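Here are my notes on the charged pairs. Please read them alongside the coordinates.

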Amino acid sequence: MIALTLAIALGGLPATCVGCDFAGRDLRGANFAGVSYSGVDFDRANLQRANFRNAQLAGADFSDADLRGADFRGAHLAGVNLRGARLKGADFSTARLAGIDLRDALDGLGDSEVRGLLGHCAGCDLQGVNLEGLDLSGISVVGGDLRRAVARGTRFESANLWGDDFSFADLRNADFRSAKLCFYNEDSPDVDTGARSRIGCTDFRAADLHGADLRGALICHSREPRNCRPVDAATLRRYTQSSLDGAIL
């Protein structure tokens, strides 16, 4: 820790680090480009305008950190905690996120900022987030936890939402046209039918879908658009675990 403190004081930052402690530090404008960090603590740190381009960040804790204006383009974040972080102006437009906690981190962000965060987001925790009225067309949130999210009037057109959990969410008047909601899982046979390919869909259990537009929603064999086709209402009802009452089909 003494060596790390001295390095920071001299203006240098380690290229690789396991378990480093930057909690509460003032690192405005610091250059973390290309670093490979695991289990690093940035809790409550001031990282305004910091450069994390092409960084590899696994298990980092950015909870309640100030990341306004930070640059994460090309970065890979896995198992990172961004809960409560301030992200206004941060650029995640070409970052890849997996298993990220984004609770309490999206307040006050505009459409483009949220689209940047959710452009490539797998297994992200978005429980209870407010996405009301945002244009999130084309995002890719796979296996995400959106239980009890508020997404009234939100645009999810052409988004990839495979395996997401929207149970108990407020989805009134949301736009899911041409969204990828269902997929074939070739590795797990259907327990009911014994068929080789098991169908999985976005979970809409107990969600409020009144006025939500599901026309043209897709079922896919792969991520390639040519391997997708419109999913019928009966399949949607069965595999989304919802009667889809009030939805436009």
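Is Asp-43 buried or exposed?

1. Asp-43 counts as buried, because its relative accessibility is 15% and the cut-off for buried is under 20%. This is a predicted model, so the accessibility is a computed value. Asp-43 has a charged partner: it forms a salt bridge with Arg-44. The closest N and O atoms of the two are 2.9 Å apart.

2. Arg-73 pairs with Asp-91 in a salt bridge, with 3.6 Å between the closest N and O atoms. Arg-73 sits in the loop between strand 3 (56–58) and strand 4 (76–78), and Asp-91 in the loop between strand 4 and strand 5 (96–98), so the pair ties together parts 18 residues apart in sequence. Arg-73 is partly exposed, at 30% relative accessible area. Asp-91 is partly exposed too, at 26%.

3. Glu-157 forms a salt bridge with Arg-177, and their closest N and O atoms are 3.8 Å apart. Both residues lie in the loop between strand 7 (141–142) and strand 8 (180–185), so the bridge ties together parts that are 20 residues apart in sequence. Glu-157 is buried, with a relative accessible area of 19%. Arg-177 counts as partly exposed, at 32%.

4. Glu-157 and Arg-177 also belong to a network of salt bridges.

5. For the whole model, the count comes to 23 salt bridges. Opposite charges on side chains can pair when the charged atoms come close.

Key. Residues are numbered from 1 along each chain as its sequence is written. This is a predicted model: local features need pLDDT of at least 70, side-chain atom pairs count only at pLDDT 80 or more; totals for chains, interfaces and linings use all residues. Side-chain values use heavy atoms; hydrogens and water are left out. A salt bridge is a side-chain nitrogen of Lys or Arg within 4 Å of a carboxyl oxygen of Asp or Glu. Buried means under 20% relative accessible area, exposed over 50%, partly exposed in between (1.4 Å probe, protein chains only). Helices (H or I, at least four residues) and strands (E, at least two) are DSSP runs, numbered from the N terminus.
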